[in-house]
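Here is a protein model to read from the inside out. Look at the structure first, then follow the report section by section.

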Amino acid sequence: MFRKPFFRYLVLSCCMILIAEITKNVLNFNKLIQISLAENLTNQQIEFFFNQQSKWHWFSIVFTPIYILIKTNLIASILYIGTYFYSKTEVKYKLLWDIAVKAEFLFLIALICKIIWFYFFQTNYTLKDVQYFYPFSVINFLDYNEIDSWFIYPLQTLNLFEFGYWILLSYFISKLVQSNKTDQNKYPIDFGLIIVSTSYGISLFLWVIIIMFFTLNFS
């Protein structure tokens with residue numbers, strides 16, 4: 001059953017929701033938010049905020065699988081264009097979506113690493129520490145207080161898990177394209193990486209630029 005793409009998607013969504021709930025409880029998110037809000041809001045306003053948060057908690061749970069569905073479909077669409085453009089091979093969209101879902105499991109490890117880091121190593125932390133931290137990313141080697149806010153996201157994006165994500169996508173695509181070939185000539189081993197870097201890579205770069213633009217204009 002786990003070989004079925006939709007089942008994998010459901011497992012991924014459930015794992016994301018579970019890890020998010022564990023993160024909130026283990027890292028005591030409510031206390032961190034309360035400390036952060038206390039700098040600008042009254043006790044009544046803070047209490048109102050948490051009441052609203054509890055009321056709309058179900059929305060964050062429902063939104064998670066929707067977010068994953070949108071993200072993986074966008075990536076599958078981008079890979080579909082890149083695969084067809086470079087290989088001239090007709091690949092089923094469902095198979096590319098399955099690849100996007102399988103590769104997404106890698107980011108679960110990043111979330112778990114984040115919990116481990118703050119629970120065992122950096123036990124004294126603030127809300128900003130948790131928000132800006134991303135395991136094995138460039139930003140962890142810098143002081144985020146000295147970095148302009150619009151540089152935060154790109155520095156978070158430069159991480160080992162993103163690199164591993166590219167490798168996984170490249171491996172799965174190379175394997176998929178090779179299995180769909182009608183001729184006997186083999187593609188080079190880095191062919192999948194070429195497809196990923198020129199389709200997903202360019203799209204990721206544009207997305208980072210957009211986030212930087214909005215952060216710069218609204219911060």
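## A question to start

Leaving aside its neighbours within four places in sequence, which residues is Tyr200 in contact with? Contact means heavy atoms within 4.5 Å. Tyr200 is in contact with Ile75, Ile78, Leu79, Glu162, Tyr165, Trp166, Leu169 and Ile195.

## The model and its overall form

This is a predicted model, in which local features need pLDDT of at least 70 and side-chain atom pairs count only at pLDDT 80 or more, while totals for chains, interfaces and linings use all residues. Residues are numbered from 1 along each chain as its sequence is written, and side-chain values use heavy atoms, with hydrogens and water left out.

The protein has 10 helices and zero strands. Both kinds of element are DSSP runs, numbered from the N terminus: helices are H or I with at least four residues, strands E with at least two. Along its principal axes, the C-alpha trace spans about 70 × 40 × 35 Å. Take contacts between residues at least 6 apart in sequence: 67% of them join residues at least 24 apart.

The protein has 219 residues, and 36% of them count as buried. Buried means under 20% relative accessible area, exposed means over 50%, and partly exposed is in between (1.4 Å probe, protein chains only). The protein exposes about 14100 Å², and carbon and sulfur atoms supply 68% of that. Such areas come from the Shrake-Rupley method with a 1.4 Å probe; for residues, only the protein chains shown count as cover.

## The nonpolar cores

In soluble globular proteins, nonpolar side chains tend to be buried together. A nonpolar core here is a set of buried Ala, Val, Leu, Ile, Met, Phe, Trp, Tyr and Cys residues joined through side-chain atoms within 4.5 Å. The largest one has 34 residues. Those with the most contacts inside it are Leu79, Leu96, Ile99, Tyr165, Leu169, Ile173 and Tyr200. Two or more residues come from each of H1, H4 (57-87), H5 (93-104), H6, H9 (160-179) and H10 (191-218). Apart from this core lies another, of 12 residues, including Phe29, Leu32, Leu37 and Ile46.

Ser170 sits in helix H9. Ser170 counts as buried because its relative accessibility is 7%. Not counting residues up to four places away in sequence, Ser170 touches Gly192, Leu193 and Val196.

H5 has 12 residues, which should span 16 Å at 1.5 Å a residue. The rule is 1.5 Å times one less than the number of residues. The end C-alpha atoms of H5 are 17 Å apart, which agrees. Among its buried residues are Leu96, Trp97, Asp98 and Ile99. The buried residues of H5 pack against H1, H4, H6 and H9.

The whole structure holds four salt bridges. Each is a side-chain nitrogen of Lys or Arg within 4 Å of a carboxyl oxygen of Asp or Glu. Asp98 and Arg8 form one of them (2.7 Å, N to O). Asp98 lies in H5 and Arg8 in H1, so the pair ties together parts that are 90 residues apart in sequence. Both Asp98 and Arg8 are buried. Lys102 also forms a salt bridge with Asp98, with the closest N and O atoms 4.0 Å apart. Lys102 and Asp98 both lie in H5, four residues apart, about one turn of the helix. Salt bridges that share partners join Arg8, Asp98 and Lys102 into one network.

## The surface

Leu18, Ile22, Val26, Ile112, Ile116, Trp117, Tyr119, Phe120 and Phe121 make a nonpolar surface patch of about 880 Å². Helices H1 (5-26) and H6 (106-121) are the elements that give two or more residues to it. H6 gives the most, with six. Patches are made of residues with over 30% relative accessible area and no salt bridge; like charges are joined within 9 Å, nonpolar side chains (Val, Leu, Ile, Met, Phe, Trp, Tyr) within 5 Å. Val26 counts as partly exposed because its relative accessibility is 32%.

Leu158 belongs to the loop between helix H8 (152-157) and H9. At 53% relative accessibility, Leu158 counts as exposed. Leaving aside its neighbours within four places in sequence, Leu158 is in contact with Phe136, Ser137 and Val138.
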